[in-house]
Amino acid sequence: QVELVESGGGLVQPGGSLRLSCAASGSAFRIDTMGWYRQAPGKQRELVAGISRSGNTNYADNVKGRFTISRDNTKNTVYLQMNSLKPEDTAVYYCNANAQVRPGTNYNLYWGQGTQVTVSS
């Protein structure tokens, strides 16, 4: 019902930068919070950053000062600017969105399929 299309992943050297994008499409009527999570092999999925519709943000401690989350509500798109990347940032990054399909219905959480980010020399 709501599809999240991600882009921007790839291979980058330590200290480099990447910007991830995620656009919501389909039957979404209203989207509240959006966020980015990541999962490395053998580890649990963890929150990287979240952003409310009004622009309030929160970050995991290990990305503060390096990553910036932002959104464009007119495009239903969320971004993650990643600077000073480290090898430990290597993971599959997932976009999510808390969305309402039509007025008066419950909000549901939707996920993208993930995009690989690899930080290596």
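**Exercise 1. How many disulfides does a search of the whole structure find?**

The structure is a predicted model, in which local features need pLDDT of at least 70 and side-chain atom pairs count only at pLDDT 80 or more, while totals for chains, interfaces and linings use all residues. Residues are numbered from 1 along each chain as its sequence is written, and side-chain values use heavy atoms, with hydrogens and water left out.

Step 1. Apply the criterion: a disulfide is a pair of cysteine sulfur atoms within 2.5 Å. The search of the whole structure returns one.

Step 2. Identify the pair. Cysteine 22 is joined to cysteine 95, with an S to S distance of 2.1 Å.

Step 3. Strands are DSSP runs (E, at least two residues), numbered from the N terminus. Cysteine 22 belongs to strand 3 (residues 18-26) and cysteine 95 to strand 9 (residues 91-100), so the bond ties together parts 73 residues apart in sequence.

Step 4. Assign the handedness. The torsion about the S-S bond of cysteine 22 and cysteine 95 is about -80°, so the disulfide is left-handed.

Step 5. Check accessibility, where buried means under 20% relative accessible area, exposed over 50%, and partly exposed in between (1.4 Å probe, protein chains only). Cysteine 22 and cysteine 95 are both buried.

**Exercise 2. Determine which side chains meet arginine 38 in salt bridges.**

Step 1. State the cut-off: a side-chain nitrogen of Lys or Arg within 4 Å of a carboxyl oxygen of Asp or Glu. Five such bridges are found in the whole structure.

Step 2. Take the partners in turn. Glutamate 46 meets arginine 38 at 2.8 Å, N to O. Aspartate 89 meets arginine 38 at 2.9 Å, N to O. The aspartate 89 pair links distant parts of the chain, 51 residues apart: aspartate 89 is in the loop between strand 8 (77-82) and strand 9, arginine 38 in strand 4 (residues 30-39).

Step 3. Arginine 38 is buried at 4% relative accessibility, whereas glutamate 46 is partly exposed at 33%. Aspartate 89 is buried.

Step 4. Arg38, Glu46, Arg66 and Asp89 are linked in a network of salt bridges.

**Exercise 3. Which residues of the largest nonpolar core touch the most other members?**

Step 1. Define the set: buried Ala, Val, Leu, Ile, Met, Phe, Trp, Tyr and Cys residues joined through side-chain atoms within 4.5 Å.

Step 2. Read off the residues. The largest core has 30 residues, and Trp36, Leu80, Met82 and Tyr93 touch the most other members.

Step 3. Find the main contributor. Strand 9 gives the most to this core, with five residues.

Step 4. List contacts (heavy atoms within 4.5 Å). Leaving aside neighbours within four places in sequence, tyrosine 93 is in contact with residues including Trp36, Arg38, Leu80 and Met82.

**Exercise 4. Classify the aromatic pair and describe the charge beside it.**

Step 1. Rings of Phe, Tyr and Trp (its six-membered ring) pair if their centres lie within 6.5 Å; planes under 30 degrees apart count as stacked, over 60 as edge-to-face and the rest as tilted. One pair is found.

Step 2. The ring centres of tyrosine 37 and tryptophan 111 are 5.1 Å apart and their planes are at 65°, so the pair is edge-to-face.

Step 3. A charge sits over a ring if NZ of Lys or CZ of Arg is within 6 Å of the ring centre and within 35 degrees of the ring normal. Arginine 45 lies over the face of tryptophan 111, 4.8 Å from the ring centre. The charged end of arginine 45 also sits over the ring of tyrosine 94, 3.7 Å from its centre.

Note on methods. Helix = DSSP H or I, 4+ residues; strand = E, 2+ residues; numbered from the N terminus.
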